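Colleague: Could you pick one part of this model and take me through it closely? I'd like the cut-offs along the way.

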Amino acid sequence: MGFSARFEVYGIVQGVGFRAYVQWQAQRLQLHGWVRNRDDGSVEVLATGAHEALGQLETVLQQGPRLAQVERVVRHAAEGSSTTGFHIA
């Protein structure tokens, strides 16, 4: 299915439409996986797809939607998602 990466996004990223924004961008990039809020206030993303698309997603995560204030994005290698499509978890 392609390459996989897990991202942790820190800053003001909850309550600002971040997950819906990530879902829309990931679907646009034809990625599979999920996005979810974490208890520490960060957002976690698991995505599988083309290497170039994952790089584009990382750029999108660093920008975030208009109301977000992204402080940093940490990328990790990951096992592929078995999910078809891209979902808010």
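Modeller: Let's start with a pair: asparagine 37 sits opposite valine 43 of E3. Keep in mind that this is a predicted model, where local features need pLDDT of at least 70 and side-chain atom pairs count only at pLDDT 80 or more, while totals for chains, interfaces and linings use all residues. Numbering runs from 1 along each chain as its sequence is written, and side-chain values use heavy atoms, with hydrogens and water left out.

The strand to look at is E2, residues 32-37. Element names come from DSSP runs numbered from the N terminus: helices are H or I with at least four residues, strands are E with at least two. Strands count as paired if DSSP finds at least two bridges between them. E2 and E3 are antiparallel, with six bridges. Their hairpin has five residues between the strands, and in it glycine 41 has a positive phi near 95°.

E2 also pairs with E5, this time in parallel, through three bridges. Two of the pairings to look for are tryptophan 34 with histidine 87 and valine 35 with isoleucine 88.

Zoom out a bit, and you have an open, five-stranded sheet with mixed pairing, in the order E4-E1-E3-E2-E5. Its edges are E4 (69-77) and E5 (86-88), each pairing on one side only. From one strand to the next, the twist averages 15°.

Now the helices. H1 (18-28) lies across E1, E2, E3, E4 and E5, and runs at about 175° to E5. Such angles go from 0 to 180 degrees between N-to-C directions, using axes fitted to C-alpha atoms, for helices over the stretch in contact. H2 (51-63) packs on the sheet as well, touching E1, E3 and E4, and its direction makes about 5° with that of E1. Contact here is heavy atoms within 4.5 Å.

On H1, the buried residues are Phe18, Tyr21, Val22, Gln25 and Ala26. They line one face of the helix, because down its axis they fall within an arc of 125° (the arc of the directions from the helix axis to the C-beta atoms). Buried is under 20% relative accessible area, exposed is over 50%, and partly exposed is in between, with a 1.4 Å probe and protein chains only. The cover over those H1 residues includes E2 and H2.

Between H1 and E2 there's a loop, and glutamine 30 lies in it. Glutamine 30 isn't a glycine, yet its phi is positive, about 60°. With 66% relative accessibility, glutamine 30 is exposed.

Glutamate 8 is in E1 and is buried, with 11% relative accessible area. Its side chain makes polar contacts with those of tyrosine 10, at 2.7 Å, and histidine 76, at 3.4 Å. A polar contact is a pair of N or O atoms within 3.5 Å; within protein, one must be able to donate a hydrogen and the other to accept it, and residues adjacent in sequence count only if both atoms are side-chain atoms. Beyond four places in sequence, what glutamate 8 touches includes Arg38, Val43 and Arg72.
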